[in-house]
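Reader: Hi! I'm new to reading protein structures, could you walk me through this one?

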Amino acid sequence: MVVFLFIALSLLVRPPCTVAQDVEIGALVINKTITRLGDDFYDEFTNRWDPPKQLGPMHISIQEAPSARWGTIIAVFVGSERYFVTRVSSRQVDIEEIAEAAVKQVTITLIRQHLLRIQNGENGDLVGDGL
């Protein structure tokens with residue numbers, strides 16, 4: 001009985017846990033594909049994706065618009081901006097190459113935008129008077 005009271009009091013006196021406040025989600029890749037081809041692209045993209053560390057956390061979504069006539073259109077968005085789009089037919093089996101090209105294009109575009117922000121100042125305004 002004494003042990004039970006001691007445990008109950010120690011739980012009441014103990015400060016609340018703050019782990020939930022310290023949790024941060026880094027690079028999140030969201031799958032919004034519909035078909036097996038889109039799912040294969042998502043798998044290959046996420047296997048190859050290594051987000052640039054200096055850019056901080058970002059959210060990427062891979063979206064798909066299937067069409068019986070044109071195959072499927074796959075797009076990669078960072079936030080709300082489209083960074084990569086391609087049309088893939090069901091007869092193409094080189095989904096690995098397409099995913100590799102998407103990873104390269106998204107990475108290069110993110111780094112270029114980061115460098116432009118640094119050159120123009122973090123607020124987007126030009127630094128100095130240009131002379």
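This is a predicted model: local features need pLDDT of at least 70, side-chain atom pairs count only at pLDDT 80 or more; totals for chains, interfaces and linings use all residues.

Reader: Nice. How many bridges join β1 to β2, and do they run parallel or antiparallel?

Author: Strand β1, residues 28-32, is joined to β2 by 5 bridges, and the two run parallel. To get from β1 to β2 the chain passes through α3, and this β-α-β crossover is left-handed.

Reader: And β2 with β3, parallel or antiparallel?

Author: That pair is antiparallel, with 8 bridges. As an example, Ala65 stands opposite Ile73 in β3. β2 and β3 make a hairpin, with 3 residues between them.

Reader: Okay, switching topic. How many salt bridges are there?

Author: The structure has 2 of them. In one, the side chains of Glu44 and Arg48 meet at 2.4 Å, N to O.

Reader: Where do Glu44 and Arg48 lie?

Author: Both sit in helix α3, which covers residues 36-48. Glu44 and Arg48 are 4 residues apart, about one turn of the helix.

Reader: What about the other salt bridge, which side chains meet there?

Author: Those of Glu100 and Arg48, at 2.9 Å, N to O. This pair links distant parts of the chain, with Glu100 in helix α4 (residues 95-119) and Arg48 in helix α3, 52 residues apart.

Reader: Is Glu44 buried or exposed, and why?

Author: Glu44 counts as buried because its relative accessible area is 19%, and the cut-off for buried is under 20%. Arg48, at 29%, is partly exposed. Glu100 is also partly exposed, with 30% relative accessibility.

Reader: Got it! Last topic: what volume does the largest pocket have?

Author: The largest pocket has a volume of about 150 Å³. It is lined by 14 residues, and those closest to its centre are Ser67, Trp70, Gly71, Ser89 and Ser90.

Reader: Which elements give two or more residues to that lining?

Author: Those are β2 (59-67), β3 (71-78) and β4 (81-88).

Technical notes
Residues are numbered from 1 along each chain as its sequence is written. Side-chain values use heavy atoms; hydrogens and water are left out. A salt bridge is a side-chain nitrogen of Lys or Arg within 4 Å of a carboxyl oxygen of Asp or Glu. Buried means under 20% relative accessible area, exposed over 50%, partly exposed in between (1.4 Å probe, protein chains only). On a 1 Å grid over the protein atoms alone, a cavity is a set of points where a 1.4 Å probe fits but cannot get out, and a pocket is an open set with protein on both sides within 12 Å along at least five of seven lines; lining residues have an atom within 4 Å of a point. Grid points are joined across faces, edges and corners, and a volume is the space filled by probe spheres set on the points. Two strands pair if DSSP finds at least two bridges between them. A crossover is right-handed if, with the strands pointing away from the viewer, the path from the first strand over the helix to the second runs clockwise.
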